[in-house]
Amino acid sequence: MMGTINRQIIVNKFSTPEEGVSVREQDYKDPKPNELIIRTGYCPINPADLNVIEGKYGKLPELPAVIGNEGSGHIIAVGKECEHFKEGDHVLYMNRQDCWQEFVAATPDQIIKLPDLLPLKLSSMLKVNPATAWLLLNQGIKIESHDWVVQNASNSGVGVAVIQLAKSLGIKTMNFVRRESCKDKLLSLGADAVFTDDESGKIEATELIKNEKINLPLAINAVGGESALRIMSLLSEGGTHITYGAMSKRPLKIPNSFLIFKNLTIRGLWLSHWLKNENKVNIEEVYQNLAQKMLDEKLEQPIDSVYGLEELEEAIKRSMQEGRNGKVLLKFKS
């Protein structure tokens with residue numbers, strides 16, 4: 001592929017998301033013996049990507065750096081030492097933080113094969129949100145069929161995945177959202193109750209719990225601040241509160257009474273830690289299961305819009321706007 005150009009999205013200095021990224025062109029390189037070359041199809045813009053651009057994420061790259069923590073594509077070249085892979089294989093990027101480029105050189109341990117029938121747009125969104133939702137529901141917390149879980153940011157990518165995965169397990173979901181307009185969409189996906197994320201919503205939820213004698217062992221927090229405390233207050237005695245995000249950028253100040261009298265457990269969850277430490281066979285099993293649910297139309301990940309690399313600034317701006325109807329995708333494959 002002499003003369004082929006690899007377009008990459010890079011960060012030269014930590015700045016605002018709109019100003020912190022640019023596109024550069026590099027020469028395409030053939031794979032080393034232990035490498036595969038994947039042509040990227042699509043990559044979603046995640047909050048973690050925006051945090052990296054700002055220099056505010058938990059793990060930051062040395063600059064200048066190609067960024068992007070999620071995406072998928074097809075193998076176009078196979079190094080001679082790489083067994084069990086062939087040109088045309090559909091793969092998902094794992095353990096990579098540089099997915100925002102047209103061609104990615106990856107070793108076999110950094111990718112997972114996916115079903116050929118799964119559309120690239122859907123597979124590009126498989127790594128982060130569906131897997132985070134699966135992890136949140138599989139943390140060794142005893143949740144019986146017909147128990148409830150409560151979450152905020154329920155219209156997010158993780159939130160809608162939690163609703164659908166919980167439903168498949170017979171678990172009911174109590175969901176908090178900032179916008180009234182989100183309610184019908186979540187109910188159509190299988191949410192059992194949806195409330196506005198404010199004090200009036202909390203009062204309604206408290207009444208439902210009391211009237212229906214609901215057992216609520218798990219609260220899932222992506223916001224922090226007052227929203228996190230609202231869902232924490234709804235937990236049953238001995239319940240667990242898991243934080244996986246902090247959209248409000250406000251700290252979590254926990255009342256002593258929640259710890260002493262309700263005996264709550266407070267935890268955090270970071271997908272990257274699981275991907276780094278879990279056995280790859282188990283990781284592949286989880287992703288194959290989630291991919292099959294997508295194929296069976298039992299796991300929807302809404303797409304708001306798709307932008308080419310020449311529209312990078314507009315794509316970043318759109319990804320930061322409220323009122324989106326799903327993920328913003330970057331299109332790499334022409």
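**Entry 1: α3 and α10**

I looked up how α3 passes α10 and found a right-handed crossing. A crossing counts as right-handed if the near helix is turned clockwise from the far one by less than a right angle, and as left-handed if anticlockwise. Helices here are DSSP runs (H or I, at least four residues), strands are E runs of at least two, and both are numbered from the N terminus.

I am working on a predicted model, where local features need pLDDT of at least 70, side-chain atom pairs count only at pLDDT 80 or more, and totals for chains, interfaces and linings use all residues. Residues are numbered from 1 along each chain as its sequence is written, and side-chain values use heavy atoms, with hydrogens and water left out.

Next I checked the axes. Those of α3 and α10 come within 10 Å and cross at roughly 115°. That makes α3 roughly perpendicular to α10. Axes are lines fitted to C-alpha atoms, for helices over the stretch in contact, with angles from 0 to 180 degrees between N-to-C directions. Under 35 degrees is roughly parallel, over 145 roughly antiparallel, 65 to 115 roughly perpendicular, and the rest oblique.

Which residues make the contact? From α3 I noted P130, A131 and W134; from α10, V286, Y287, L290 and M294. Contact means heavy atoms within 4.5 Å.

**Entry 2: the cover on α3**

I asked how many residues of α3 (residues 129–136) are buried. The count is 7 of its 8. Buried is under 20% relative accessible area, exposed over 50%, and partly exposed in between (1.4 Å probe, protein chains only). The buried residues of α3 pack against several elements, including α4 (157–168), β12 (218–221) and α9 (271–277).

**Entry 3: the cores**

I then turned to the largest nonpolar core, which has 35 residues. Such a core is a set of buried Ala, Val, Leu, Ile, Met, Phe, Trp, Tyr and Cys residues joined through side-chain atoms within 4.5 Å. Among its residues with the most contacts inside it are L126, W274 and L290. Its largest share, 6 residues, comes from α10. Apart from it lies another core of 29 residues, among them C43 and I316.

Leaving out residues up to four places away in sequence, L290 touches L126, P130, A131, W134, L165 and L299.

**Entry 4: N12**

Last, I looked up N12. I found N12 in the loop between β1 (5–11) and β2 (21–27). N12 is partly exposed, at 48% relative accessible area. The C-alpha atoms of N12 and L136 are separated by 34 Å.
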